[in-house]
Amino acid sequence: MLFPAPKNSDPTGANRVVVTGAGIVTALGIGWQKNAEGFRAGRNAFRPVTLFDVSRQRSKIAAEVDLPAELPTTKLSPNSICRLNRASKMLLIAAHEAWTQAGWNAVENLPVVIGTTSGEMAFGENYLQQAVRFPYSKKAQPTRVVHYQAQQQGLDLCNAFDFSGPVTIVSNACASGANAIGHAFETLRGGHAEKILTGGYDSLCQLTFAGFDSLQALSPTPCRPFDAQRDGLTLGEGAAILTLETLEHARKRNAEVLGEITGYGATTDTHHLTQPHPEGKAAFTAMTSACACAKISPEQIHYVNAHGTATPHNDATESVAINRWATDYAKNLPVSSTKSCSGHLLGAAGAVEAVACLMALRGQWLPPQTSLHKIDPACNFEIVRQPVDKKIGTALSNSFGFGGANASLIFRRWP
Amino acid sequence: MSRIFVHGLGAVSPAGWGVPALRDALKRNSPVQAQTMVRPGWKKPLHVRPVPEPVSRPVFFDHPRLRRANLIAQFTVAAALEALGKNVSLVQGGRIRLGIIVGVMAGGVNYSRRFYEEVLQNPRTASPIIFPETVFNAPASHLAAFLGSEMISYTLVGDDGTFLQGVAIAAQWLTDGKVDACLVIGAEETDWIVADAMKLFRRKTIHGAGAGAILLKKDSGSGAIAELTVITDSFPFTQSQSRFETARRMRAHLPSCAPNELLCCGEQDAAENAAWKDWAGARLAPKAILGEAFVAFAAWQCVAACESIRQSEFTAANISVVGVNQQAVGARFLACADAS
């Protein structure tokens with residue numbers, strides 16, 4: 001039953017929640033190892049866009065994923081596989097890595113909570129183009145309609161790994177992935193489930209690329225978050241999936257634990273549809289709520305993976321919020337935005353950055369921003385600029401989206 | 001176990017603005033007149049059931065965030081404000097911590113189509129005003145801004161059953177003490193591209209628009225309309241589970257027919273009809289009257305069911321949702337002894 005809650009539920013949220021599997025696909029590469037190497041070195045993956053025509057756009061670069069020729073073996077039928085487009089493929093590859101690492105088996109009633117901004121938007125674009133140019137042609141249109149929709153990607157996961165359970169799609173713009181993980185965390189913490197497959201995904205498409213370009217939010221050069229002369233974001237694409245379980249469940253089956261999620265805060269910035277409030281009140285509250293949830297203070301956070309899009313507005317607001325939240329501790333707080341490597345992955349961003357935090361916690365290093373020229377003086381905190389090894393126990397990841405969707409997640413090193 | 005109560009209802013539908021218009025249309029039990037909509041490139045128009053113009057212009061249309069907002073945002077806000085009733089000032093005054101959950105399937109498709117058409121013509125001149133309205137969570141954002149609510153807000157995407165998933169999340173937030181009240185809204189808008197796509201699968205179904213909203217709280221005191229007692233598991237349509245099987249399993253989670261109970265269902269689906277063939281009690285099937293409006297439709301089902309409880313027509317109402325392409329999920333509402 002989705003309601004009432006199961007008898008073992010606990011509104012006080014006493015259950016600890018751990019990550020037992022993580023899968024990731026970005027332009028840095030496929031899988032944990034390649035992405036860890038890329039994030040650790042601060043390598044950027046930007047290149048000219050090849051997926052659609054950008055000749056009339058101001059920006060012409062993005063972080064495109066090189067998809068493998070073959071998908072991993074799953075229970076999906078050959079017919080189903082040939083209908084998958086980029087977003088679905090990236091999601092499936094990331095899910096397969098996480099699922100395999102966790103060693104999960106097919107079960108009934110395994111919840112899926114995933115975030116995306118546009119699902120398989122390229123199918124929607126193709127549908128409209130054909131509907132306008134060839135109004136009476138139905139060729140391939142039914143497939144486009146079905147596979148355009150985000151719920152189909154969730155059902156594809158059920159079919160790929162032969163499980164069933166509620167598929168929940170969170171679409172909170174660029175905070176979608178973080179909200180999905182946060183919701184999964186709260187569901188497990190409250191005892192509403194024992195394990196959940198969660199994360200986020202998004203692929204590059206012409207509509208969103210042109211949309212951000214129309215807002216003059218795209219930089220013509222690789223993005224430089226928190227740079228004094230930053231001039232916009234660079235889009236990317238990818239997917240990241242986590243297998244989350246209660247600690248009790250993971251221990252029962254002797255699962256290897258990659259890290260623990262200890263805090264989640266979510267708020268709404270009501271200032272403007274696309275611009276955050278200059279004082280960053282909602283961002284501050286999200287970070288503060290996440291710390292309260294984790295029962296720790298900002299001084300106990302050892303690294304912040306910032307939303308850091310490199311737009312003038314976002315980074316200014318986030319700087320104010322971090323300065324206020326960390327107070328005097330800010331000067332000792334390492335902060336970086338891994339969007340300088342992978343680009344802004346929209347609905348996948350929060351999930352990819354969650355995995356980046358887990359990588360940093362497991363490897364005991366900090367992801368640098370090597371493209372930074374001159375730090376914005378508004379930053380009272382330390383921006384990580386060079387690859388560095390560091391003992392860190394906790395990391396906080398910020399995700400802020402259009403519509404004022406703000407989310408912060410806190411991760412703890414395991415053990 | 002925490003108990004969850006419905007404290008407010010709101011609706012914007014092809015029948016008009018407000019729950020009374022919805023209720024009157026369902027009472028009449030005859031389909032709302034369909035309108036024609038031009039389908040570019042076709043000689044014949046499409047038929048849809050849009051929301052009629054409001055009798056008088058709602059004041060909230062003048063809010064800076066809503067002047068240029070798409071129709072789906074206007075429907076969302078209207079339904080939400082009706083459900084909130086006197087609670088609006090409490091939310092705006094910061095005396096109620098309000099969670100907001102908006103469920104959509106097609107979402108703000110008018111502006112998405114329009115923006116992409118502009119991109120195809122010339123991306124240099126595509127409108128930066130329209131693009132932000134294309135994101136799924138724009139209606140939730142506008143509503144939060146209107147109410148000044150900075151609490152948690154989710155926009156969920158999926159088929160009709162997404163509305164009940166949203167209700168379940170609201171119940172979780174209330175149970176966990178995260179919010180004092182939670183609005184759950186299902187909303188859709190009409191567009192030729194959606195009506196065109198629907199014809200590929202169900203030729204006779206007419207696409208409708210609007211929104212439905214319910215306000216949930218933990219307290220059973222003054223103003224409680226009905227008690228939420230069950231939301232079944234969500235049974236997804238997978239390779240190993242047919243629509244018929246999911247509908248049957250959903251139905252098995254809900255009680256047998258009892259006197260003075262209502263079944264509020266879709267009634268245009270063979271799987272759903274098979275699952276409920278034993279039901280001998282009263283049925284309400286709004287789809288034939290209002291059209292197919294995906295998540296908004298499931299919201300209307302709940303609103304209509306709770307309204308019938310408020311009117312003391314039934315002591316219990318069961319909601320059956322066998323969605324378009326994702327899941328079967330059901331719910332049950334009971335009259336509450338404390339309801340005023």
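Modeller: A note on terms to begin: domain bounds come from an automatic or database domain assignment. This is a predicted model, where local features need pLDDT of at least 70, side-chain atom pairs count only at pLDDT 80 or more, and totals for chains, interfaces and linings use all residues. Residues are numbered from 1 along each chain as its sequence is written, with chains lettered from A and ligands numbered from 1 in the order in which they are written.

Biologist: How is chain B divided?
Modeller: Into domain 1 (4-217) and domain 2 (226-334). Their centres, taken over C-alpha atoms, are 21 Å apart.

Biologist: How many residues does each domain of chain B put into the contact?
Modeller: Domain 1 of chain B gives 49 residues and domain 2 of chain B gives 36 residues. Contact requires C-beta atoms, placed from the backbone, within 7 Å.

Biologist: Which element gives the most on the domain 1 side?
Modeller: H6(B), with 7 residues. Helices (H or I, at least four residues) and strands (E, at least two) are DSSP runs, numbered from the N terminus.

Biologist: Different topic. What order do the strands of the open sheet in chain B take?
Modeller: The order is E3-E4-E8 (chain B), with mixed pairing. Two strands pair if DSSP finds at least two bridges between them. E3 (35-37) and E8 (207-208) of chain B are at the edges with a single partner strand each, so one side of each has no neighbour in the sheet.

Biologist: And in which sense do E4(B) and E8(B) pair?
Modeller: Parallel, over 2 bridges. B:Arg49 has B:Gly208 in E8(B) as its bridge partner.

Note on methods. Two residues are in contact if their C-beta atoms, placed from the backbone, lie within 7 Å.
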